[in-house]
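Me: Please walk me through the structure shown below in a few questions and answers, with the cut-offs behind each term.

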Amino acid sequence: VRYQGDFDSDTGYGYVVGVAYERPAIALRVALTYSSAIGMEHDTSYTFTTPLGPTTGRGVTAFDLPQSVNLEFRTGIAQG
């Protein structure tokens, strides 16, 4: 059994928003970032081969990149 798929390219757009707070004296940085969800669709062609022969077809493959929220926290460690 063999499966082969070909996907056309697509472009999806979203946005990223973030804020950060820094205190250089104590090497502190806190950042919060939000990324929006992005949906895409690709025209797809496939060939599925079995001992009984090949089957070909066309379709659409759709997927979403999920939204995300990231919180980053960094600080330095003092010597001694």
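**Patch, sheet and loop**

Me: Which residues make the nonpolar surface patch of about 440 Å²?

Reply: This is a predicted model, in which local features need pLDDT of at least 70 and side-chain atom pairs count only at pLDDT 80 or more, while totals for chains, interfaces and linings use all residues. Residues are numbered from 1 along each chain as its sequence is written, and side-chain values use heavy atoms, with hydrogens and water left out. A patch is built from residues with over 30% relative accessible area and no salt bridge, nonpolar side chains (Val, Leu, Ile, Met, Phe, Trp, Tyr) being joined within 5 Å and like charges within 9 Å; areas come from the Shrake-Rupley method with a 1.4 Å probe, and a salt bridge is a side-chain nitrogen of Lys or Arg within 4 Å of a carboxyl oxygen of Asp or Glu. The patch of about 440 Å² is made by Val1, Tyr3, Tyr46 and Phe48.

Me: Is Tyr46 buried, partly exposed or exposed?

Reply: Tyr46 has its place in strand 4, where strands are DSSP runs (E, at least two residues) numbered from the N terminus. Buried means under 20% relative accessible area and exposed over 50%, with partly exposed in between. Because its relative accessibility is 31%, Tyr46 counts as partly exposed.

Me: What is the geometry of the ring pair Tyr3 and Tyr46?

Reply: Of aromatic pairs, the structure holds three. The ring centres of Tyr3 and Tyr46 are 6.1 Å apart and the planes stand at 20°; rings of Phe, Tyr and Trp (its six-membered ring) pair if their centres lie within 6.5 Å, planes under 30 degrees apart counting as stacked, over 60 as edge-to-face and the rest as tilted. Since Tyr3 lies in strand 1 and Tyr46 in strand 4, the pair ties together parts that are 43 residues apart in sequence. With those values, the pair is stacked.

Me: What is the order of the strands in the open sheet?

Reply: Two strands pair if DSSP finds at least two bridges between them, and six bridges join strand 1 to strand 4 (residues 38-50), which run antiparallel. Within this pairing, Gln4 stands opposite Thr47 in strand 4. The open sheet has three strands with antiparallel pairing, in the order 1-4-5.

Me: Which residue has a positive phi although it is not a glycine?

Reply: The residue lies in the loop between strand 2 (16-23) and strand 3 (28-35). The phi is about 55°, and the residue is Ala27.

Key. Helix = DSSP H or I, 4+ residues; strand = E, 2+ residues; numbered from the N terminus. Buried < 20%, exposed > 50% of the residue type's maximum accessible area, 1.4 Å probe, protein only.
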